[in-house]
Structures are given as C-alpha cells and as structure tokens.
Amino acid sequence: MKLIVQKFGGTSVGSVERIRHVAKIIEREARQGFQLVVVVSAMGHTTDKLLSLAGRISVQPSPREMDMLLTTGEQVTCALLCMALHQLGIEAVSLTGWQAGIITDHHHGDAKIIKMNKAPILRHLEQGKVVVVAGFQGQTEDGEITTLGRGGSDITGVALAAVLSAERCDIYTDVKGVYTADPRVVPLARQMKEIDYNEMIVLAQLGAQVVHERAVQWAKKYHVPVCVKSSFDPVDQQSEGTWIRQIRHQEGHNRPVVHGLTHKILSDHQAKLSLVGDGIGHDSNVRMQVMKTLKHHQIEVEEDERGIFFQSYILAAEQVEHALQCLHQAFHLDEILQVNNDLMIKN
C-alpha cells in the first residue's frame, strides 16, 4: 500500500470549517487506498497569540518554557482534525512530535532533528489508521520538549516522508503552487508545473515563503518528491500543484535562463530583488538585460550578490513592485509553462 505524507499549514486549518474541509481532503485520499501520515500546524494566528501571552507575563521568558507553551498550538489542531475524521468514519490517531518519535538536539526554539523512531507511526498505520502528527516539535533524548523554529511543520512533514519512504510529501497551503513571482505583486505570474530542489532552496532563502528552505534541503538530501498545492480548492477539484524535485534538462533544450523572481523588503527604504535560475549567477547577458530594462523604466539598482542559482540587486523599497513587473515581462516569464515534455526527471 502506498504511503503519502500530507502537511497542512496554519491558514489551511485556521477555523473549524477549514479543519472540516481538510478532513474531507484526507478522506478522499484514504478512500483511494493510501496510507496517510498528516502533519499540521497551529490554527491561524494561534502561535502569535501564545507569544503575546508570554510577553505579557515575562519580558524574557525561558526558552524551555516557551517551547512548552508553543507546542500546544499544534496539539490542538491534531486533536480537532482527528475528531473531524472520526465524524467522516475515518480511523485516525493524533500524536505529538515526541509520541511520533522525533528526536532533536537541545536548541530550544530552533532545534534540529537528529534522528527519528518510525515504529510508533508504523504501528498505527498497520492498524489502518490515519496518523495525524503535530508539526514543529520534538523532544531531546533526555525528554525535553523542543520546537523546530520557523517552517518547522514543513520540516516535520518532509522528514517523516523521508524516514517512512513515502511516495511523496504534499504541502497544502493557501496558494495553488510555486509561481514565477509573487502573484499578489505580479498579476501575470505563472504557476510552475515543477521546479528543481536547488532553485526552490534559493527562492526560499531570497524571500519566497511557500516552503521553508530547510524542508527543501531535507527533500533534496533524501530524494523526497514534494508537491505544493492549495487546500482551498474544492475537494473534487484539487489542482495539480507544483512539483519540487530533481530536474535534468534535455540536451539542446532552449529553456529560459531566468525561471523565477523573488524579493525581500529590507527596511522602509531598501529592498532586495533576485532572479533565480540554473547557472544564472555568471550570465552576463542576464545582468545586462536587468540593467537595460530597469534603466528604461527609470529604476535605479545596485548589484548585490550572485551565486550559481541567483543574481540579486538592491533598490528602493517603493520601486520593487514596479521592477518585478518590468523584469517579469522582459524575461517573458508570463509566457512560460513548464510541462513534463520539456523536462526530464532524474530518478
């Protein structure tokens, strides 16, 4: 029986209605015969509320006690989702990170997974249950509760997919996939069919917030295919999403050098704009096109840094949206549709 790991973020489980909808997505996969491990985040703004409560108690709360506090958010979601699944006639069990066998180092607030004991999850799967795991958390070898830091639930999902040899890890969020640019800033941004691990890691590092970079690094290391998709689609009309996996291009295939754009607001006055693509860092034609395009639109930029997969520029924060739109059009990203016939997947 094939195993799938599904991860649902905070917006996906932000209310009772959203949790019921997520339960129906899970039910659909379960009825199709898949074994399922589901990782969930805390509901909506729960973590922010818990942080606010701690701040009202102490200016500098103990990191250990903060982890004790923050892990409760995901546990609430776990229990409620299992209740919703039970209502649909699906056997399910909720597990905290430590009950799921996730062992971390001792860095409270930003712990790293050091090993995983898959036996507890396998036992429940063998009993025919959907296993719902609280993301973002684990415990040390001597029993101290820890949290994994920003993007912790993504990391939990991919790590479980790796150790359980899952067919894939589906990451459900509030967007349909990974886009060539932020669609809220660039209306013509296109959803990608697939993107290479390396490029996704760089996109995440440079500002894209779809999947955390550490999760993609886990996926790359253990060859876990990840599919980013929307939990807001109707259950019977789920979008295909965007695949994150290792890609090898066909020889002679004329694929555009620039595959995506992203940005970070650095301050009230400055922003960083980055172009991402395989081998882009040393492509002088791309740099010339950037400068020519932005000069034409009277947008001043300074070169910042380059790497194998990116080029970055610093510019005025107030001009970053206009610059993104201009460059998206200049590099014809609004015309790109990456389809399986154009790319070869390296097994």
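Let's begin with the lining of the largest pocket: strand β14, residues 260-265, gives four residues, the largest share. Strands here are DSSP runs of E, at least two residues, and helices runs of H or I, at least four, numbered from the N terminus. Please keep in mind that this is a predicted model, where local features need pLDDT of at least 70, side-chain atom pairs count only at 80 or more, and totals for chains, interfaces and linings use all residues. Residues are numbered from 1 along each chain as its sequence is written, and side-chain values use heavy atoms, without hydrogens and water.

So, what lies closest to the centre of that pocket? Among its 47 lining residues, those are Arg150, Thr173, Asp174, Gln209 and Val210. The space in the pocket is about 1400 Å³. Other elements giving two or more residues to the lining include α2, α5 and β9.

Take Ile244: beyond four places in sequence, its contacts (heavy atoms within 4.5 Å) include Ile195, Tyr197, Met200 and Val228.

Finally, how confident is the predictor? On the pLDDT scale, from 0 to 100 for each residue, the protein chain has a mean of 91, and 94% of its residues reach 70 or more. Residues 337-347 stay under 50, though the model has 28 contacts for them beyond four places in sequence. Where pLDDT is low, predicted coordinates should not be read in detail.

Terms used. 1 Å grid on protein atoms, 1.4 Å probe; cavity = no way out; pocket = protein on both sides within 12 Å on 5 of 7 lines; lining within 4 Å. Points joined across faces, edges and corners; volume = space filled by probe spheres on them. pLDDT = per-residue confidence, 0-100.
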